[in-house]
Amino acid sequence: MTRKFAVFVGAIEVIMDERNPYSALTDQQRRALLRRAIARPLVTALVLTTVYFVVPMKDIRDITTVALLALVLVVVGVVCVWQVVRVIRSDYPAVQAVEALAAVIPAYLIGFSTVYYLAYAASSQNFTEPVSRMGSLYFTMSVFATVGFGDIAASTDFTRAIVTVQMVCNLLIIALGGRLFVAAIRRGQARRKH
């Protein structure tokens, strides 16, 4: 898997930069770079997931859930901006962009999972099925992946509104997020050339 990832990152560097400084690295330097690029977001995802499953969460009322959703979106936005700046300043912008996406997506998914879990805790009428922490993570992933199995569904206008916000954010992440990181990669590489 690491070899495939290295080939993928190398291909991105070739496409994005004709001078291709990634190819100038030794195999050992490439492996170290890729290990760091994989390890940091993996640790971030593991910590976020562990916190999500361990931290006690009590039911909150609807307005608090909306405030939490807004906070989640602001935090994800700040992390995204911070990661874009890191990509621009990086010596290897394409590798940093892969790391950035791997850091932003788990924060986004765990944030929505928390909101869904708390919405269910506030009222069991918000969903068609009981929603545990794992169930809310599963629901979040099925909405994100646009699978929509139908086993868990939002059953009130309040939770349908939250799901709608997630769907719009999903589209923004896919459409604008990709373009934003590609632009950051190009800008980082242009900065490095000068």
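## Helix packing and selected residues in a predicted model

H3 and H6 pack with their axes 10 Å apart, at an angle of about 135°. That makes H3 oblique to H6, because angles under 35 degrees count as roughly parallel, over 145 as roughly antiparallel, 65 to 115 as roughly perpendicular and the rest as oblique. Axes are lines fitted to C-alpha atoms, for helices over the stretch in contact, and angles run from 0 to 180 degrees between N-to-C directions. On the H3 side, Tyr52, Phe53 and Val54 take part; they meet Arg133, Met134, Ser136 and Leu137 in H6. Contact here means heavy atoms within 4.5 Å. By class, the contact of H3 with H6 has five nonpolar, one polar and one charged residues. Ala, Val, Leu, Ile, Met, Phe, Trp, Tyr, Cys and Pro count as nonpolar, Asp, Glu, Lys and Arg as charged, and the others, Gly among them, as polar.

This is a predicted model: local features need pLDDT of at least 70, side-chain atom pairs count only at pLDDT 80 or more, and totals for chains, interfaces and linings use all residues. Residues are numbered from 1 along each chain as its sequence is written, and side-chain values use heavy atoms, with hydrogens and water left out.

The chain holds seven helices and zero strands. Helices (H or I, at least four residues) and strands (E, at least two) are DSSP runs, numbered from the N terminus. Of the 194 residues, 43% count as buried. Buried means under 20% relative accessible area, exposed over 50%, partly exposed in between (1.4 Å probe, protein chains only). Among contacts between residues at least 6 apart in sequence, 74% join residues at least 24 apart.

Helix H3 (residues 27–54) also packs on helix H5 (residues 93–122): their axes come within 9 Å and cross at roughly 5°. That makes H3 roughly parallel to H5. The residues of this contact divide into 13 nonpolar, three polar and three charged. Arg36, Arg40 and Tyr52 are among those on H3, and Glu99, Pro106 and Tyr117 among those on H5.

The unreviewed UniProt entry annotates "transmembrane region" at residues 37–55, 67–88, 100–123, 135–155 and 161–185. UniProt positions are given in the numbering used here, feature names are shortened, and annotations may be inferred rather than shown by experiment. Two of these spans are tabulated.

| Span | End C-alpha separation | Helix | Strand |
|---|---|---|---|
| Residues 37–55 | 27 Å | 95% helix | 0% strand |
| Residues 135–155 | 15 Å | 48% helix | 0% strand |

Serine 142 lies in helix H6. Serine 142 counts as buried, at 9% relative accessibility. A polar atom of its side chain lies 2.9 Å from the backbone oxygen of phenylalanine 139. Leaving aside neighbours within four places in sequence, serine 142 is in contact with Val147, Gly148 and Phe149.

Threonine 146 sits in the loop between helix H6 (133–144) and helix H7 (157–193). Its phi is positive, about 55°, although threonine 146 is not a glycine. At 68% relative accessibility, threonine 146 counts as exposed.

Threonine 159 is found in helix H7. Threonine 159 is buried, with a relative accessible area of 0%. Its side chain makes a polar contact with the side chain of threonine 156 (3.0 Å). A polar contact is a pair of N or O atoms within 3.5 Å; within protein, one must be able to donate a hydrogen and the other to accept it, and residues adjacent in sequence count only if both atoms are side-chain atoms. Not counting residues up to four places away in sequence, threonine 159 touches Ala119, Asn126, Phe127 and Ala154.
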